[in-house]
Amino acid sequence: MSTTTAEGGGAREITSALDEDTPTGRLGPSCSDGVTVDDGGTAPRPRASKSGVEPVGVAAPIDHERALADRHALIQLCLYAMDRARSGGVAERIEQGLAGIGVHAMRPDGQRFDPSLHEAGGAVPTDDVSLEGTVAETELVGFVDHDRLLRAPIVTVYTRR
């Protein structure tokens, strides 16, 4: 490719860096497998690299029960990994990932203790009557999958002295 420019009153031909050997990202008129390809890349391709090989068919129908069982197993694995993560950032990232699929952490600090949702792990004596029966601290985070309790949080509860 060349261009003509006028410099100082005289015309001069400049050769561009793009010449016939410069790669363009397109296949040439013929590929190494012998299939002719036009510049648009719309020529037919062979069906398989070897004769006698059938193309992949339609996928089998989804087994919803199996998919739910697999989801539950993966959630349990994530909870196991999160409990043992030594990095707060890793544990936080796992928790965010779980939240993205509807599995949320339960940290009931300050809420009324509910034995159907919480597991008492300890007690803290208090003189404040208004705090009695309230969760003082979450010892182990609990999890719910949408509305289903996966793991009850283990909590410390305020009790009257």
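**Notes on the fold**

1. Let me begin with the open sheet of three strands ordered β4-β8-β5, in which the pairing is mixed. Strands here are DSSP runs of E with at least two residues, helices are runs of H or I with at least four, and both are numbered from the N terminus. Two strands count as paired if DSSP finds at least two bridges between them. At the edges sit β4 (119-126) and β5 (135-140), each pairing on one side only. On average, neighbouring strands of this sheet are turned by 30° against each other, direction ignored.

2. Within that sheet, β4 and strand β8 (residues 154-160) pair in the parallel sense over seven bridges. If you want a residue pair to look at, V124 stands opposite Y158 in β8.

3. A word on the source: this is a predicted model, where local features need pLDDT of at least 70, side-chain atom pairs count only at pLDDT 80 or more, and totals for chains, interfaces and linings use all residues. Residues are numbered from 1 along each chain as its sequence is written, and side-chain values use heavy atoms, with hydrogens and water left out.

4. There is also an open sheet of three strands in the order β3-β6-β7, with antiparallel pairing. Its edge strands are β3 (103-106) and β7 (148-151), each of which pairs on one side only. From one strand to the next, the twist averages 35°. Strand β6 (residues 142-145) pairs with β7 in the antiparallel sense over three bridges, and the bridge partner of F143 in β7 is R151.

5. Which strands does α1 lie across? They are β3, β6 and β7, and α1 runs at about 45° to β7. α2 packs on the sheet too, touching β3 and β6, and its direction makes about 125° with that of β3. Angles run from 0 to 180 degrees between N-to-C directions, with axes fitted to C-alpha atoms, for helices over the stretch in contact. Contact means heavy atoms within 4.5 Å.

6. Now the helix pair: the axes of α1 (residues 64-84) and α2 (residues 88-100) come within 9 Å and cross at roughly 160°. That makes α1 roughly antiparallel to α2 (the term covers angles over 145 degrees). In this contact, I75, C78, L79, A81 and M82 of α1 meet A91, I94, E95 and L98 of α2. These residues divide into eight nonpolar, no polar and one charged.

7. Finally, confidence: pLDDT, the predictor's confidence in each residue from 0 to 100, averages 81 for the protein, and 69% of the residues score at least 70. Over residues 1-7 pLDDT stays under 50, and the model has 20 contacts beyond four places in sequence for them. The pLDDT is also below 50 over residues 30-37. Where pLDDT is low, the predicted coordinates should not be read in detail.

Note on methods: Angles under 35 degrees count as roughly parallel, over 145 as roughly antiparallel, 65 to 115 as roughly perpendicular and the rest as oblique. Ala, Val, Leu, Ile, Met, Phe, Trp, Tyr, Cys and Pro count as nonpolar, Asp, Glu, Lys and Arg as charged, and the others, Gly among them, as polar.
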